[in-house]
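Dear colleague,

I am handing over the structure we spoke about, and my notes on it follow below.

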Amino acid sequence: MQNVFHQGELTVQQRAGESQMGALNGRIISTEIPPVAQRFISKQSMALVSSQSPEGQLWVSLLTGNPGFVEATDSGHVTINRQLLLSSPDDILFRNLTKQPQLGILFIDLASRRRFRVNGQGQLSDQALHLTVVQAFGNCPKYIQQRRIAHRATPMQAAHTSAGQELKSAHLELIRKADTFYVGSSDDHGHLDASHRGGKTGFVEVLPTGQLTIPDYPGHSMFNTLGNFESNPTAAILFVDYARNSSLQLSGKATLQFEAHSEADL
């Protein structure tokens, strides 16, 4: 059977002593969306999408809509109806996609703690975002914080946005209170992925230098995200403030610290 992992993933699996378990779990990775996952995707009201800017930065975007705004039309294709979006139509995702077609999408239902990842090639039209599947697989509900989200009832015409290179006090507060974030990564061939990270409130620490330190908890041993970082350190993180209907998108570089167990080790 052809190995579904690239060299970065294999390296991290080996360093973590999880090569055998990673190979076993890697059998869930497919080039097609199974029927049960097609039905799951088509019921979702939220999608996390990673994209890459022409300058090489990664970004994770939150798209929302009433159920039906996204549809797995068959085992190899997903369509997001732009006319049914409730989130901002000005999200950076749409600008990125005009230049860089690779996308990674995470479909996640926080209420039921189910999730499914689809990666592939995107194509944008005035009416829809179309994805041709290259890689598809589910993940277990581990570390997903259960919550029910009340989405907007009407489409957002535009979002108030600001950009910069420093974390402000409001950003730091959001990060330190977070029990969930979403992460975008890429291998060294530009194939993107979007994933979820969860933990107890405060599991993401902010160092005096402004760097974020994030523990990696035991999971399915495939190390898709960390394997991408091993090959390509470019990273994106999205924090969502569900109560205030706002978000913080970060783009930067990731460093893996295999021997670090505390801030003193960094």
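Which backbone nitrogen does the side chain of S87 reach? The side chain of S87 reaches that of T64, at 3.1 Å, where a polar contact is a pair of N or O atoms within 3.5 Å, one of which, within protein, must be able to donate a hydrogen and the other to accept it, and where residues adjacent in sequence count only if both atoms are side-chain atoms.

Before going further, please note that this is a predicted model, in which local features need pLDDT of at least 70 and side-chain atom pairs count only at pLDDT 80 or more, while totals for chains, interfaces and linings use all residues. Residues are numbered from 1 along each chain as its sequence is written, and side-chain values use heavy atoms, with hydrogens and water left out.

S87 itself lies in the loop between β4 (77–81) and α4 (92–97); helices (H or I, at least four residues) and strands (E, at least two) are DSSP runs, numbered from the N terminus. With a relative accessible area of 9%, S87 is buried, a word that stands for under 20% relative accessible area, with exposed over 50% and partly exposed in between (1.4 Å probe, protein chains only).

D193, in strand β9 (residues 192–198), is likewise buried, at 4% relative accessibility. Its contacts (heavy atoms within 4.5 Å), leaving aside neighbours within four places in sequence, include R117, N119, T225 and N228. The C-alpha atoms of D193 and N228 are 8.6 Å apart, although 35 residues separate the two in sequence.

N228 is also one of the buried residues of α6, a helix with six of its eight residues buried. Among the elements that cover these buried residues are α1 (7–15), β7 (128–139) and β9.

Finally, the structure holds one cavity of 30 Å³ or more, a cavity being a set of points, on a 1 Å grid over the protein atoms alone, where a 1.4 Å probe fits but cannot get out, and its lining being the residues with an atom within 4 Å of a point. The largest cavity takes in about 330 Å³, as the space filled by probe spheres set on points joined across faces, edges and corners. Its lining comprises 23 residues, with R197, D216, Y217, G219 and H220 nearest the centre. Two or more lining residues come from each of β6 (114–124), β9 and α6 (224–231), and β9 gives the most, with four.

With best wishes

How values were computed:
On a 1 Å grid over the protein atoms alone, a cavity is a set of points where a 1.4 Å probe fits but cannot get out, and a pocket is an open set with protein on both sides within 12 Å along at least five of seven lines; lining residues have an atom within 4 Å of a point.
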